[in-house]
There are 2 protein chains.
Amino acid sequence: MLKALFIDLSGVLYEGHKVIPGAVAAIKKARDHQLVLRFVTNTSRRTRTQLLTDLKNLGFELQEEELFTAPVAVHAWLEEKKLRPYCLIHQEIKSEFSDLPQTVPNAVVIGDAEQGFCYDNLNRAFQLCQQGAPLIGIGYNRYFKLGGQLLLDAGPFIKAIEFAASTRAMIIGKPSEDFFLQALTSTKLSADQVLMIGDDIYGDVEGALNAGLNACLVRTGKYQPGDENKLSESHLTCDSIVQAVDYAITLQ
Amino acid sequence: MLKALFIDLSGVLYEGHKVIPGAVAAIKKARDHQLVLRFVTNTSRRTRTQLLTDLKNLGFELQEEELFTAPVAVHAWLEEKKLRPYCLIHQEIKSEFSDLPQTVPNAVVIGDAEQGFCYDNLNRAFQLCQQGAPLIGIGYNRYFKLGGQLLLDAGPFIKAIEFAASTRAMIIGKPSEDFFLQALTSTKLSADQVLMIGDDIYGDVEGALNAGLNACLVRTGKYQPGDENKLSESHLTCDSIVQAVDYAITLQ
């Protein structure tokens with residue numbers, strides 16, 4: 001019995017500034033059928049507030065408490081641990097971390113830093129980790145799609161620093177089990193009552209399966225032919241969010 | 001019975017532009033004791049010819065055929081396979097690859113590209129590999145030491161692209177067994193008659209052990225306290241090339 005949908009944003013609801021055809025109506029339909037919705041994203045190019053505005057402008061109505069973003073979770077964790085982060089993150093979300101002390105850093109945060117991924121910045125991150133600073137990843141995504149191109153996300157750079165400094169990053173966001181469970185707790189449902197819908201075979205689908213959720217890969221966004229065969233665990237594959245929601249309704 | 005020494009260059013014979021104290025005399029002593037010498041390096045900031053000149057200027061006399069460099073081995077492999085490489089390599093060694101066709105690339109080569117490691121170049125490398133181009137690594141070193149700092153080497157960037165494109169790089173140079181064996185073949189000796197001396201616990205020591213050679217870690221160059229405890233396989237650890245050569249002579 002399916003009671004809730006966890007939905008990735010970019011590549012599932014929209015691509016760039018364009019809504020995936022039928023996505024707005026699909027979300028409305030899911031709500032009409034009393035499916036609990038949570039939106040779970042690793043997007044680290046927009047603040048949570050910006051994302052809510054973006055979504056509203058695209059026609060999606062959602063409550064603030066339905067949106068779980070990786071940067072917000074990272075910020076909460078750093079605050080709790082009283083860490084001073086060296087932030088290799090996107091220009092656009094620097095404001096989300098600006099209240100934290102960042103001089104004499106004792107932790108490294110890597111998100112989708114885009115042009116911030118240069119040799120000097122990566123060396124700084126490596127040297128801090130080599131000296132023992134914990135490494136925190138905003139998600140572990142390999143790539144994302146923008147303007148028709150696949151571009152490197154935070155994951156490969158986290159991997160690079162892990163390898164260089166012989167360390168293991170703490171991943172906050174998908175595919176971390178903790179992140180899925182944080183969203184799950186807010187629904188008061190059990191994992192098997194939830195279907196995660198995403199375009200990332202690893203971050204969304206594999207991550208959700210590892211957290212005990214059901215999962216559905218959509219053939220939009222960063223999806224590449226053959227992605228549906230990359231995992232040994234079974235999962236759904238749908239053409240888009242439209243088909244995924246229709247299918248979910250039949251499983252209620 | 002030890003008959004030959006394989007010696008890493010940077011961090012073992014010199015650091016930056018400074019000879020490691022006693023290194024010139026140690027090499028001479030090894031020759032006086034009829035030890036066969038090979039110099040095996042992943043250095044990808046200098047061409048082979050430049051390296052020979054550098055070494056001569058520092059006081060080391062060696063024959064061209066004693067020097068095995070990873071970029072030369074990579075070039076030979078690309079030529080043999082008739083590949084057109086996209087080269088993410090250091091400015092200084094671009095000349096070593098300039099005879100190869102590089103338009104419409106169908107292979108990716110990653111060396112120590114220094115400032116060449118920027119987001120745009122890494123995306124290009126990723127996109128080519130994602131489309132099926134083979135990835136070739138000039139060594140797999142994690143970091144090197146320069147001006148008192150540890151800096152990222154090619155390894156972490158190779159790792160990043162491997163992860164992003166779900167591929168496995170072909171590593172040419174240390175720690176690849178083929179590279180050690182290429183040098184070994186030139187000596188006509190067996191692996192157990194050779195001692196590899198290096199400052200990189202993974203690239204030099206672990207790599208040599210995997211190729212069946214004996215290995216000695218030196219506490220110079222990029223060596224960090226604790227490195228001698230990183231491997232489960234047994235190996236020697238010496239203060240420097242001076243002690244390593246003295247020890248080798250007792251094992252002849």
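Which strands of chain A does helix H5 (residues 154–164) of chain A lie across, and at about what angle does it run to E8(A)? Helix H5 lies across E7, E8 and E11 of chain A, and its angle to E8(A) is about 165 degrees. Please keep in mind that this is a predicted model.

**The four-stranded sheet of chain A**

- In chain A, 4 strands make an open sheet with parallel pairing, and their order is E6-E7-E8-E11.
- E6 and strand E11 (170–172) of chain A are the edge strands, so to speak the two ends of the row, since each pairs on one side only.
- Ignoring direction, neighbouring strands of this sheet are turned against each other by 20 degrees on average.
- E7(A) and strand E8 (residues 135–138) of chain A run parallel and are joined by 3 bridges.
- Within that pairing, Ile136(A) in E8(A) has Val109(A) standing opposite.
- H3(A) also packs on this sheet, where it touches E6, E7, E8 and E11 of chain A. The direction of H3(A) makes about 155 degrees with that of E8(A).

**The six-stranded sheet of chain A**

- Another open sheet in chain A has 6 strands in the order E5-E4-E1-E12-E13-E14, again with parallel pairing.
- Its edges are strand E5 (67–69) and strand E14 (236–238) of chain A, each of which pairs on one side only.
- From one strand to the next, the twist averages 25 degrees.
- Strand E4 (residues 36–41) of chain A runs parallel to E5(A), and 3 bridges join the two.
- Opposite Phe68(A) in E5(A) stands Val40(A).
- Helix H3 (residues 70–80) of chain A lies across E4 and E5 of chain A, at about 65 degrees to E5(A).

- The contact involves 32 residues of chain B and 32 residues of chain A.
- About 2,800 Å² is buried between chain B and chain A, with carbon and sulfur atoms giving 62% of that area.
- On the chain B side, Tyr119(B), Leu152(B) and Phe163(B) lose the most area to chain A, together 30% of what that side buries.
- Between chain B and chain A the count is 0 salt bridges, while 14 residue pairs are in polar contact across the interface.
- Helix H4 (119–130), strand E9 (143–146), strand E10 (149–152) and helix H5 (154–164) of chain B are the elements that each give two or more residues to the side touching chain A.
- Of the elements on that side, H5(B) gives the most, with 8 residues.
- The residues of chain B's side comprise 18 nonpolar, 8 polar and 6 charged ones.

**Salt bridges**

- Over all chains, the whole structure holds 28 salt bridges.
- One of them pairs Glu92(A) with Arg46(A), whose closest N and O atoms are 3.8 Å apart.
- Glu92(A) sits in the loop between strand E6 (85–88) and strand E7 (107–110) of chain A, and Arg46(A) in the loop between E4 and helix H2 (48–58) of chain A, so this pair ties together parts that are 46 residues apart in sequence.

Terms used: Residues numbered from 1 in each chain as written. Chains lettered and ligands numbered in written order. Predicted model: local features only at pLDDT ≥ 70, side-chain atom pairs only at ≥ 80, totals over all residues. Heavy atoms only, no water. Pairing = 2+ DSSP bridges. Axes fitted to C-alpha atoms, helices over the stretch in contact; angles between N-to-C directions. Contact = heavy atoms within 4.5 Å. Buried area = accessible area lost by both parts, 1.4 Å probe. Salt bridge = Lys/Arg side-chain N within 4 Å of Asp/Glu carboxyl O. Polar contact = N/O pair within 3.5 Å; in protein donor to acceptor, adjacent residues only side chain to side chain. Nonpolar A, V, L, I, M, F, W, Y, C, P; charged D, E, K, R; others polar.
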